[in-house]
Amino acid sequence: MSVRIDGEAASFEDAVERAAAVLSAGRAPVVAGLGTDIAGVRAALKLAEHLRAAVGHRAAPALSRDLAVLSETGILFVTPTEAGRRADTVLLVGDLATRAGWLAEVFGRDGAPARTVVSLGASAKAAAAMGTEGAPLSLAVKGVGVRDTLLALKARVGGRPVDEKRLGRSGLRDLDNAAKTLAAAKYGVVVWDAAGLDGLSVEAAAGLVRDLNAAARYAAVPFPGDDNAAGAVLACAWTTGFPPPLGFPGGIATHDPWRFDVDRMVASGEADAALWISAMTPAAPAWTEAPPTVALVAAGTRFVMPPAVVIEVRRADRTTDAVLHDARTNTLTPVAAPRGKAAADALPTVAAVIAAIHLRLSGKGGASC
Amino acid sequence: MLIRLKDGHVIDPAHDRDGIDDVWMQDGRIVARPPRGTEPDAVYDVAGKIVMAGGIDIHSHVAGGNVTLSRLLLPELHEGTEAPPDGQPFGTARWSSYETGRLYARMGFTTVVEPAVAPSQALQAHLELADLPILDKATLSVLGNDEVLLGLMRDKAGRDAIADYVGLVVAKSRAIGVKCINAGGSAAFKDNVRTFGLDDVIPSYGLSSRQIFKALQQAVVDLRIRHPLHLHCNNLGVAGAIDTLVETIEAADGLPLHLAHVQFYAYGSEGKRGFSSGAQQLIRALNLNPNVTVDVGQVMFGQTVTISSDSLRQYSANALASPNKWIVWDGEGNGGGIVPFHYKASNVINALQWAIGLEIFLSAHDPWRVFFTTDHPNGAPFTTYPKILHLLMDRDERARYIAGLPKAAMALSALPSITREFTLQEVAIMTRAAPARLLGLTDRGHLSPGAIADVSVYTDTTDRTAMFERAALVFKDGNLVVRDGEVTEYRFGRAETVEPGFDKAIVRTIDGRLGDLYGTDTRQFTVPAGAIGRDEPFRVHPCRS
């Protein structure tokens, strides 16, 4: 059953009409999830501007930590492809267990150069994915978490004193050894996933890269996020000037990570209508109480809170040609769906559904501009 | 629909037209005056107004990875203040693609070239350009630090293989030409080299900057691409860089070469600050080398952000970041850097940079070879063009500026003694006729029958800033898109491209090299038309026959 209104099977036309009614009834609507290809994001932004809706991505908590560092200090980074070819030293920051597949793609290719891996809290799975012989140099200080160890390491790299009592003599020795190993790199990278770190850790990791780069070459390799999060950031930025979370108060594109945090808006009751988009993963919103919601989701999505309208859509990377961010090349890439699968899928794309809702609301095609 | 622009002062230097005349348009093209008695569908009385072809900007960073990084680095510099008019979504969203198109159009510009697209980011750049309304666009593919080219050269693959590779990249990434940015400099930076001159060598390849740029220059000639190699030289912004610039001009050996934003190299090392104008040395070199064209990269005072694929230079400039934050990145080729910068009228060096740019414009003998740019946004945002045109056309306006600038700076430049004032004819050459010719876009930059009907109409007033800030009328492909300096409706132009011929066998070679290097293939820089989301997003122009 690909189209439902209040849990009952419905026609696409009726669902679009109801979706338009739900969204236009909101005084503070949100466009959330945003797990879609570039065409979907472009369409969603046009509709959001029309509705003056807040726009956020499902990966927002992690995204906002990376974006905050980007806009507060800047960053020195390298594409994962070039990192995989060039890095002779890699510092893994945080657990990264869920990123083992990505690490293997980036660093574990056949013919990759010999490299030294330093682990600051990396799981065995992540370390194994690096494809280097032997165990990584592990930087685990008893009783001191990843963040504080990272801060202490950054201090030692910069030749600054640290709290020796807390770190212990062996802890300090390990830190200094690691600092020496890192400084000996010809080309070193620091890898992290902001989903597993707090904001200060991300800032410290980015700062460590800058410090190390003063003498050796260094660059950061942050994981770009799931569900085309990095692609959504790019499309939002060239379309509105800003990354998500963003909104259109008074029709003016505005970036404000607190004000337009769609989860906060929903939890506080501020949001009174929602468009949920998850076309890459069959994921429902985690909201425990939700305003009337229109959900554009991959088939098989199960909901805790039944949305007013559900329209199942094509999986962006599986049954429709799509432009998506590639986590290995760090660029937007065309992904062609297998011809047979695309032809067999009768579901609409996110962009097509949103254009239909937009047309219903404005009487004008959303697609032309 | 037949349109008549009646009794305007038509300035069309490509055909030596400069006088009162009509311009006729039909079905998106300029047409000859129809037989007597033919009634036009629309008549615009433009008596007393200036009529030119639509403006063409050959070098402006308006799209792609680095531009979007600058958006993310500096959200506080582009907060919005007004909502867009109906039917023009995001048109006032500052620093957006949409706003860029709107602001260019209101000045009478109808074509813009994004001059620095990393092949791997070509799709992103074209998507961004697809959301830039009104104007036609074009891109240059950045080569010269990419591991594939360097590998081909190291392995002595030969001139034909290099041309085939360059042709493949240009065709697949939908570019109109080739850009080379600090040839070898970014590759050397990845080897931890921090300065890189014309004859310095990349440690891991043993190739010099000179060898790389000359190989690319030859490839562009061999491929018959009309736009010459577009080169960003070594040592940008360094005192004494005029020597590098002149050596590079001489190294061109008579082959066509375009040098970008030369103001940033026209620096001598004289005076007590070790920084002086090298403008006159540049002019001498240009006069001796008619194969070379340049654009200026004029500086204007105020806050801006420098955006460049010269990662080595941007890293070395990070101490000057204002506000104090910056981005530098490494990639398979050039990478890039974003460093915000504030040009201050009270700063002797900045004031001298401003003077050197104007000195180059006003000392150049041939306006067909010196192009009008600010290297947007590196010298200044493109929205300062009207002010710069005013300065070029009005010596009193220059005197007003000079009076407020540090005397120490003005003493080091010939600018205060220059009395030349640009004519409207010269402005039309620099911003219309010459750019079209340099890009090989024979269908624009002029107003003769057959040209696309991109036409700008300006109110002729002595306040040239006001005149060029808000065109009275702008037609794009014969459609009225601007009236009284305001965009009336969105239309979306195309990306202008070339498809040079190359030996298809090169695809396998390059797939193999990319596979070995990165586990990727030529799809990494292939831009499918269907991915852009607009009808007929590309138009192909012929290469030299």
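Helices (H or I, at least four residues) and strands (E, at least two) are DSSP runs, numbered from the N terminus.

View 1. B:H376 and B:P377 are joined by a cis peptide bond whose omega is about -5°, and B:P377 sits in the loop of chain B between β18 (370-371) and α12 (385-393). This is a predicted model, in which local features need pLDDT of at least 70, side-chain atom pairs count only at pLDDT 80 or more, and totals for chains, interfaces and linings use all residues. Residues are numbered from 1 along each chain as its sequence is written, while chains are lettered from A and ligands numbered from 1 in the order in which they are written.

**View 2. Positive phi at A:D6.** Although A:D6 is not a glycine, its phi is positive, at about 50°, and the residue is placed in the loop between β1 (3-5) and β2 (8-9) of chain A. A:D6 is exposed, having 11 other C-beta atoms within 10 Å (buried means 20 or more such atoms within 10 Å, exposed 12 or fewer, and partly exposed in between, with C-beta atoms placed from the backbone).

**View 3. Positive phi at B:D484.** In chain B, the loop between β21 (479-483) and β22 (486-487) contains B:D484, a residue other than glycine with a positive phi near 50°. B:D484 counts as exposed, because it has 11 C-beta neighbours inside 10 Å.
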